[in-house]
Amino acid sequence: MSPTSAAPLRVRGMRDLLPDEMAAFRKLEDAFRDVSSAWGYREVRTPALEYLHLFTSAGTLSPQLLDRVYSFLDWDGWSGERVVLRPDGTIPVARLFGESARDLLPARLAYVQEVYRFATGDQPRSEWQCGTELIGAGGPLADLELIAVGVETLRRCGAQAVRVRVSHAGIARALLAAAGLGRAEQVAMYDALLAGDRAAVERLGALLPGALSAAVLLDVAEAGVGYVTNLQALLGDRVPGLAEPLAELRTVVETLDRLHVDCAVTPLLARDFEYYRGVVFRFDVGEADVGGGGRYDGLLEFVGAADVPASGFAFDVPSLLAAVRIEPGGPLTVPLVVERDDPATYAAAMAAAKRLHRAGVAASVMRAPAPLPHLVVDLEDPARPFVLRSDGGAEREGDLGAALARLERLRR
Amino acid sequence: MIRIALPTGDMRRPVAQALAGTPLDSPDYAAGSRVYRLGLPDRGDVTIRVFRERDIPIQVALGNYQLGVCGGVWVEELRARYPAEDLSPLFPLAVGRGRLAALAAPEQAAQLGPLEEWQRFSGLRVVSEFGNLAEKIVAHLRLRRPRVYAVYGGAHAYPPEDADIALVHLGEDQQSPDGLVEMASFHESGLWVVANRRALAGLDLGEALASLRPAAAAVEGGLRLPTVAQSLGGPPLALERPERPAGVRLALPDGHQQPHALASVRDAGIELDGYGDADVQLRPRIAVDGVTVKVVRPQDMPQLVALGQFDMAITGRDWLADFLACFPDAPVEMAVDLGRSRYHIAAVVDEDLPATTVDEALACWHARGRRMIRVASEYPNLADRYARQRRLGRYQVVPIAGASEGFVPEDAEILIEGSETGKTIVANRLRVLERVFESTNCVVIHRGRRDDPVLQGLLERFRRGVPATTAVT
């Protein structure tokens, strides 16, 4: 049935991927799978439906995001328990680990999955993510491995100007704790600092011991390893709990320098302050933020594995596709055209298509008319059944390979 | 034509007072007329339609009405789930103030402590007439594995046996009912004037707004959600709850179903104290050993029985069918058809629609350019199933809370409605297109309690009591 009104049939905010877009998507996906596999990550897939409470109680999603999840009572949801269309990739993988993969420690798991979050108007309501989770390995070495997987994937995709911004969630955590704020107040203060609220900076400074200025967190947007050294000198022994985060951050930054990865230190980076516990990072391609992640030790408490360290990252596939402009490429399809409707011609055309497929050439059978140039399968002269038809006329060929070579030349 | 939605029920009087003397003052509205559509003596370009309060934000958001007046809490209830709807709250009126309060029984309130600590407990059960707001609040409070029961009403009757926390709307000076403790208030407001966002942007509503503006009050209150930590950590705690009474728990209905249920109980020779023609107590006493009784809304009974909170209940087959249309695997089933409160659930259309079948009706609507068929009903799951089974094509279920006969034809093409005599349908210039099924009152039970001897004894008494004149063959 054809549409009878101008109203769009596609749900707002959802998108179709056309063949060229899909080919580019697959290339990116293949690059991610190749690289993550080379680093020992094994692909998993989790269901689109999960219980809502996994996401509400684990503290992974901000209140703003929780307001945008697709949750509903399932057909058997009479008990009042809601399910949700997966709004995030990490929690389902953590659940999978807790329920089915504990013996894999350390677990290197990768996924390519769609996540669903409501957005207004035509903003996307679903996003594809390529992500990895490293469960059971902690410390800077694990963080560096994840960053390496990300950078190598970006380079494999042909990305130019790859940059990694790094921070450590423990810095803000230690400063806010030293200010004597309760947990809820810490969250509010962190959000204010992240938003660049100068009044919050002054308020925090007044609360810190020894009249420290919190401005060091905001006055430096991006910096190098020297900044970390300066923070160590300025705050390291005066704020309890700050020495270790700074040392970890310094290790990561110095190692990335040695690996010639363009890296910048950003004091406040991750929005989900309570979710991340250690090093956090974002990947930039040029000016575009294409994904990121970090250490979320403690998150696995909800599957009874609070003491298992864990970290991960994910690429936002649409952002990455826009940033790297992958050419879809792919083989051209050879059109094998039949102009007579009889079983012998059909069979000859199908047999020719199979021969091409075996040779690794894409070919499809179709009825005339078809765009020029194309190959016609015509048994009028059984010794020379292939007719190459182009703007310049028609020529018979007895050999499929020769006809194909000439078709390719014409196409070029 | 400017279309304005005003509330019926308790809010009718304060709204009528607020409109008194303005160009929107309708004598019929103030007098409490049962007519759903009201004109204004001097304003042929204004139509007033009376709705249940909870339907007004939906109707205004859909664009069926440009302006409406309803409680701010109902506006938030819609926006909690559908923040992008075309609904603009304009200004509050100085009447109808109240608060959305969290209530708990004293023993549970003492354990729960302050709001910020509630996330220490796993599996808290929250009940509310405001299901969307309840979902938003429990997510915001980061409760662990909560259960939210969205009920039609009477949420205060649930704690402590059937829920831990009830989110209940209380009037400004209303105290916490039934000995419950008020632990928090999440929303405070009075009535609000609301507008459809597109209408506000494109239509001249100036005169109507100027009529309402003098009754405006200062903006205050609104939704207040406390800031809580994302996770307090530590092992989850279990709330200590009163022990479930031994024996069988029976739920009886209030409202329109009560006289029929009372007759069925009497037919069965069961004596009740506190559930009579004139009085209804929350927990009536029953003269049957091993049975306890509670009064709840009949609409909520199938879910309560499925959850195991009651072993049996007297409700309508319509509400059972609506529940099972949504949750077909739920362990609740009809055990005895009591044969009273008999009426047909029917698909109702405008009496002028030149159609005798659904296919003919669809052809008429399509010929008029209407592609989206709006199906209004107090039974949203039955309406959804009906629309699927009758292959209505592109359709929209409009859930409604009441005052249903006024929806067709302006605000819906089809109404899925219960009708005992058909008189109300005819009086509202409507017509039954086809009957969907016949509803009667019935005893429903939890599937897992079929073999309980006390329950079996009660069922036998109900079976014997069904009068021959009402028995369904």
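Predicted model: local features only at pLDDT ≥ 70, side-chain atom pairs only at ≥ 80, totals over all residues.

Reader: Then let's start with Ser167(A): is it buried or exposed?

Author: Ser167(A) sits in strand E7 of chain A, which covers residues 162-168. Its relative accessibility comes out at 2%. The cut-off for burial is under 20%, so Ser167(A) counts as buried.

Reader: Which backbone oxygen does the side chain of Ser167(A) reach?

Author: Look at what surrounds the residue: beyond four places in sequence, Ser167(A) touches residues including Leu249(A), Pro267(A), Gly278(A) and Val280(A). Thr266(A) is among those contacts as well. At 2.7 Å, the side chain of Ser167(A) reaches the backbone oxygen of Thr266(A).

Reader: What about Ser311(A): which side chain does it join in a polar contact?

Author: Ser311(A) belongs to strand E11 of chain A, residues 310-316, and it is buried with a relative accessible area of 0%. The polar contact between side chains, at 3.2 Å, is with Arg295(A).

Reader: Over to Ala161(A), in the loop between helix H5 and E7 of chain A. Is it buried or exposed?

Author: The loop runs from helix H5 (139-156) to E7, and Ala161(A) has a positive phi near 55° despite not being a glycine. Its relative accessible area is 55%. Exposed means over 50%, so Ala161(A) is exposed.

Reader: And where does Arg325(A) lie?

Author: Arg325(A) is another non-glycine residue with a positive phi, near 45°. At 65% relative accessibility, it counts as exposed. Its place is the loop between helix H11 (317-324) and strand E12 (334-338) of chain A.

Reader: Which residue is joined to Leu105(A) by a cis peptide bond?

Author: Go to the loop between helix H4 (90-100) and strand E5 (107-116) of chain A. Omega is about -10° for the bond in question. The partner of Leu105(A) is Pro106(A).

Reader: Which residues of helix H1 of chain B are buried?

Author: Helix H1 of chain B spans residues 12-19. Its buried residues are covered by elements including strand E1 (2-7), strand E3 (43-51) and helix H8 (206-212) of chain B. The buried ones are Arg12(B), Pro14(B), Val15(B), Ala16(B) and Leu19(B).

Reader: How far apart are the centres of domain 1 and domain 2 of chain B?

Author: In the domain assignment, domain 1 of chain B takes in 2-96 + 189-223, and domain 2 takes in 98-186. Taken over C-alpha atoms, their centres are separated by 29 Å. As for how many residues make the contact, domain 1 of chain B gives 11 and domain 2 of chain B gives 11.

Reader: How much space lies in the largest cavity?

Author: The search of the whole structure turns up 4 cavities of 30 Å³ or more. Helix H2 (52-57) of chain A, along with helix H6 (131-140) and strand E8 (147-150) of chain B, each supply at least two residues to the lining of the largest one. By class, that lining has 5 nonpolar, 3 polar and 4 charged residues. The space in the largest cavity is about 120 Å³.

Technical notes. Residues numbered from 1 in each chain as written. Chains lettered and ligands numbered in written order. Heavy atoms only, no water. Helix = DSSP H or I, 4+ residues; strand = E, 2+ residues; numbered from the N terminus. Buried < 20%, exposed > 50% of the residue type's maximum accessible area, 1.4 Å probe, protein only. Polar contact = N/O pair within 3.5 Å; in protein donor to acceptor, adjacent residues only side chain to side chain. Contact = heavy atoms within 4.5 Å. 1 Å grid on protein atoms, 1.4 Å probe; cavity = no way out; pocket = protein on both sides within 12 Å on 5 of 7 lines; lining within 4 Å. Points joined across faces, edges and corners; volume = space filled by probe spheres on them. Nonpolar A, V, L, I, M, F, W, Y, C, P; charged D, E, K, R; others polar. Domains from an automatic or database assignment.
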